[in-house]
Amino acid sequence: MGKKKEKKARTQQENDRYCKAAGISSNQRAMLVTAWNWCDEEDKSTEFMFAYMSDMGNVGYDEVVDFVLNYTRTKADFE
C-alpha cells in the first residue's frame, strides 16, 4: 500500500492565480474570505456558510463551493 498523498497548501500567488482563472475579483475574494472566517467563528453550518458567502461575495453557489475546495486561506486572510 502506498502512502497517502498530502494536499500541499496553496501560496498566496497560487490563490491569486486561482481567483483570476475563476473570475473572482479581489473585492469578491475579500468578501468571500471575510464571510468564511465569520461563519467559522460563529460555528455556522456548511450549508449556511455557502449561502452566506454567495450572498456576501455576489457569486453563485457553485462558485462558492469551488472557492472553498480550491482556495487555501493564508495567515493574511485571518488578519
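The buried residues of α1 pack against α2 and α4. Contact here means heavy atoms within 4.5 Å. Buried means under 20% relative accessible area, exposed over 50%, and partly exposed in between, with a 1.4 Å probe and protein chains only.

Before I go on, the ground rules. This is a predicted model, where local features need pLDDT of at least 70, side-chain atom pairs count only at pLDDT 80 or more, and totals for chains, interfaces and linings use all residues. Residues are numbered from 1 along each chain as its sequence is written, and side-chain values use heavy atoms, with hydrogens and water left out.

Now the overall layout. The protein chain has four helices and zero strands. Its pattern along the sequence is α-α-α-α. Helices (H or I, at least four residues) and strands (E, at least two) are DSSP runs, numbered from the N terminus. The chain has 79 residues, and 30% of them count as buried. Take the contacts between residues at least 6 apart in sequence: 54% join residues at least 24 apart.

Back to α1, residues 12–22. Which of its residues are buried? N15, Y18 and C19 are. They cover an arc of only 95 degrees around the axis, which puts them on the same side of α1. The arc is that of the directions from the helix axis to the C-beta atoms. On the face of α1 turned away from the buried side sit the exposed residues Q13, R17, K20 and A21. After α1 comes G23, with a positive phi near 75 degrees.

Next, α1 against α4. Their axes come within 11 Å and cross at roughly 160 degrees. That makes α1 roughly antiparallel to α4. Angles under 35 degrees count as roughly parallel, over 145 as roughly antiparallel, 65 to 115 as roughly perpendicular and the rest as oblique. Axes are lines fitted to C-alpha atoms, for helices over the stretch in contact, and angles run from 0 to 180 degrees between N-to-C directions. In this contact, N15, Y18 and C19 of α1 meet D66, F67 and N70 of α4. By class, that is three nonpolar, two polar and one charged. Nonpolar covers Ala, Val, Leu, Ile, Met, Phe, Trp, Tyr, Cys and Pro; charged covers Asp, Glu, Lys and Arg; the others, Gly among them, are polar.

What about α4 itself, residues 61–70? Its buried residues are V64, F67 and V68. They fall within an arc of 95 degrees seen down the axis, so they line one face of α4. They pack against α1, α2 and α3. D62 and L69 are exposed on the face turned away from that buried side.

Now the α2 and α3 pair. The axes of α2 (residues 26–41) and α3 (residues 46–57) come within 8 Å and cross at roughly 150 degrees. That makes α2 roughly antiparallel to α3. On the α2 side, the contact includes M31, L32, W36 and W38. On the α3 side, it includes F48, Y52 and M56. The contact residues divide into 11 nonpolar, two polar and one charged.

Last stop: F78, in the segment after α4. Is F78 buried or exposed? F78 is exposed, at 53% relative accessible area. Leaving out residues up to four places away in sequence, F78 touches N37 and R73. F78 and N37 are 41 residues apart in sequence, and 7.3 Å apart in space, C-alpha to C-alpha.
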